Amino acid sequence: MQIIFGNPGSGKTKVLLEMSAKNNIPILVESDARVQRLMVKAQGYGVKIPAPITINQLNDGIKAVYIDDVKRLVEGVLHVDLKAITINRDEECEVVDLDAR
């Protein structure tokens, strides 16, 4: 798993859209409105991505996803204000800091 972080406008979503296009892995989002926004962004960047999906569209045939803005996803699905998360760091975890480029 990769963790991609950076300040707003650092290019996190662009990187994820490029990864989605390259690897044919959909992006999991909180709403149909967000699906449309990502499709517009992908078109603007000139990348062809598989259609992003919402939680309601997850099924057994989908084996991998990317998440753009995990805080937005969790808050949108659970209808809560997310205050903290934990992530297990294992040998497969790569942290990418876009602000450090």
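**Helix contact, sheet and pocket**

Modeller: Helix 1 brings Thr13, Lys14 and Leu17 to helix 2, where they meet Arg34, Leu38, Lys41, Ala42 and Tyr45. The model is predicted.

Colleague: What makes these residues of helix 1 and helix 2 count as meeting?

Modeller: Contact means heavy atoms within 4.5 Å. Thr13, Lys14 and Leu17 meet their partners in helix 2 on that basis.

Colleague: How do the residues of this contact divide by class?

Modeller: The contact of helix 1 with helix 2 has 4 nonpolar, 1 polar and 3 charged residues.

Colleague: Why is helix 1 called roughly perpendicular to helix 2?

Modeller: The packing angle is about 80°, and the axes are 10 Å apart. Angles of 65 to 115 degrees count as roughly perpendicular. Therefore helix 1 is roughly perpendicular to helix 2.

Colleague: What makes strand 2 and strand 4 a pair?

Modeller: Pairing takes at least two bridges. Strand 2 (residues 27-29) and strand 4 have 2 bridges, in the parallel sense. They therefore qualify as a pair. Leu28 stands opposite Ile67 in strand 4.

Colleague: Why are strand 3 and strand 4 called edge strands?

Modeller: The open sheet of 3 strands runs in the order 3-2-4, with parallel pairing. Strand 3 (53-54) and strand 4 each pair on one side only. Helix 2 packs on this sheet and touches strand 2 and strand 3. The direction of helix 2 makes about 140° with that of strand 2.

Colleague: What makes a residue part of the lining of the largest pocket?

Modeller: A lining residue has an atom within 4 Å of a pocket point. The largest pocket has 24 such residues, with Ile3, Ile4, Ile67, Asp69 and Val70 nearest its centre. Elements giving two or more residues include strand 1 (2-5), helix 1 (12-23) and helix 3 (70-78). The lining has 15 nonpolar, 2 polar and 7 charged residues. The space amounts to about 790 Å³.

Note on methods: Residues numbered from 1 in each chain as written. Predicted model: local features only at pLDDT ≥ 70, side-chain atom pairs only at ≥ 80, totals over all residues. Heavy atoms only, no water. 1 Å grid on protein atoms, 1.4 Å probe; cavity = no way out; pocket = protein on both sides within 12 Å on 5 of 7 lines; lining within 4 Å. Points joined across faces, edges and corners; volume = space filled by probe spheres on them. Helix = DSSP H or I, 4+ residues; strand = E, 2+ residues; numbered from the N terminus. Nonpolar A, V, L, I, M, F, W, Y, C, P; charged D, E, K, R; others polar. Axes fitted to C-alpha atoms, helices over the stretch in contact; angles between N-to-C directions. Parallel < 35°, antiparallel > 145°, perpendicular 65-115°, else oblique.
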